[in-house]
Amino acid sequence: MNDSIQAIRRYLEANNLGCLDIKAALIDMDGVLFDSMPLHTLAWKHLSDDLGIEASRDEFYLYEGMTGVATVNLLFRRRFGSEPDVEEARRLYKVKAGYFQSMGRPAAMPGAYDMLSCLKREGIERVLVTGSGQPDILRRIDDEYQGLFEKHLRITAADVKHGKPHPEPYLMAQQRVDALPSQTIVIENAPLGVEAGHASGAFTIAITTGPVPKQSFIDSGADLIFDSMPQFAEQLPHLIQLFRDTSL
């Protein structure tokens, strides 16, 4: 836990705090609650092939957290030097969503249920913060994580003007629970999401659940990095105690 202690100390010193009174955990969905990113990257690869845009599956892990329309715009700018009109971007995102839906249901991420249950036991609110707008996987929150997310504590692509890496989704989540940035932790698996969480002022935790190199999380501003969700879930009770420990 030495790395955790040092990370918390750095955050406390930077924000002139004695401890972290954590009120809420702001939690990404794809790649954190569901092992859905392999399917998302394949769906984006199919769409880019349709459009004649050269792209690898792995690069889409780096775009995770952006809204679907923003990802379409990124691909168009790279290939054509301009963005499609709004309706065309939405249509293409629906095509990508169709590919994703045809691939079956992604599994719940191992360790995620234990992580959420620990947060609930400790009295820490759970807020969903996702760049997704696909209703099929959003509906699964109630099936797979029953009683762990309140309906009103969900920020999706439909709620924001600026998706990750802009901090708006996490700032909106902090406002939703009436919490200061220093009273929240962000739990992410993507560099753009980590960047958004860091920019919001929250203590930001990166979980490695895909092929993204550790350095990308460091460069994006992660305060702590865990190698897997089960590892994070196992260490979370001790981490919460460290947040509350004024003797650090």
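**Labels and their cut-offs**

Analyst: To the lining of the largest pocket, α4 (68-80) and α5 (86-101) each contribute at least two residues. This is a predicted model, in which local features need pLDDT of at least 70 and side-chain atom pairs count only at pLDDT 80 or more, whereas totals for chains, interfaces and linings use all residues. Numbering starts from 1 along each chain as its sequence is written, and side-chain values use heavy atoms, with hydrogens and water left out.

User: What makes one space a pocket and another a cavity?

Analyst: Both come from a 1 Å grid over the protein atoms alone: in a cavity a 1.4 Å probe fits but cannot get out, while a pocket is an open set with protein on both sides within 12 Å along at least five of seven lines. A residue is part of the lining if it has an atom within 4 Å of a point.

User: What volume does the largest pocket have, and which residues are closest to its centre?

Analyst: Its volume is about 390 Å³, where volume means the space filled by probe spheres set on grid points that are joined across faces, edges and corners. The lining has 19 residues, and Thr 67, Gly 68, Val 69, Arg 90 and Tyr 93 are the closest to the centre. Six residues of the lining come from α5, the largest share.

User: How is that lining divided by class?

Analyst: There are nine nonpolar, seven polar and three charged residues. Nonpolar covers Ala, Val, Leu, Ile, Met, Phe, Trp, Tyr, Cys and Pro; charged covers Asp, Glu, Lys and Arg; the others, Gly among them, are polar.

User: Which elements line the second largest pocket?

Analyst: That pocket has a volume of about 330 Å³. Asp 3, Lys 214, Leu 224, Ile 225 and Phe 226 are the closest to its centre among 16 lining residues. At least two residues each come from α1 (2-15), α10 (214-220), β6 (224-226) and α11 (229-244), and α1 gives the most, with five. Its lining has seven nonpolar, four polar and five charged residues.

User: How many cavities are there, and what lines the largest?

Analyst: The search of the whole structure finds three of 30 Å³ or more. The largest cavity has a volume of about 230 Å³. Of its 19 lining residues, Asp 30, Trp 44, Glu 64, Gly 65 and Met 66 are the closest to the centre. Two or more residues each come from α2 (37-50), α3 (59-63), α4 and α5, with α2 giving the largest share, three residues. By class, the lining has six nonpolar, nine polar and four charged residues.

User: How do you know whether the chain agrees with a compact globule?

Analyst: The globule rule is 2.2 Å times the number of residues to the power 0.38, with the radius of gyration taken over C-alpha atoms. For 248 residues a compact globule would be near 18 Å, and the protein chain has 18 Å, which agrees.

User: Why is α9 described as largely enclosed?

Analyst: Buried means under 20% relative accessible area, exposed over 50%, and partly exposed in between, with a 1.4 Å probe and protein chains only. Seven of the 10 residues of α9 (residues 191-200) are buried, so this helix is largely enclosed by the rest of the structure. The seven are Pro 191, Leu 192, Gly 193, Val 194, Ala 196, Gly 197 and Ser 200. Their cover includes α3, α8 (168-176), β4 (184-188), β5 (203-207) and α10, where contact means heavy atoms within 4.5 Å.

User: Why do Asn 16 and Asp 178 count as exposed?

Analyst: Asn 16 has 73% relative accessibility and therefore counts as exposed. Asp 178, at 63%, also counts as exposed.

User: What is phi in these two residues, and where do they lie?

Analyst: Most residues other than glycine have a negative phi, and most peptide bonds are trans. Phi of Asn 16 is positive, near 55 degrees, and Asn 16 lies in the loop between α1 and β1 (24-27). Asp 178 has a positive phi near 55 degrees, in the loop between α8 and β4.

User: Which peptide bond is cis?

Analyst: The bond joining Lys 164 and Pro 165 is cis, with omega about 15 degrees. Pro 165 lies in the loop between β3 (154-155) and α8.

Conventions
Helices (H or I, at least four residues) and strands (E, at least two) are DSSP runs, numbered from the N terminus.
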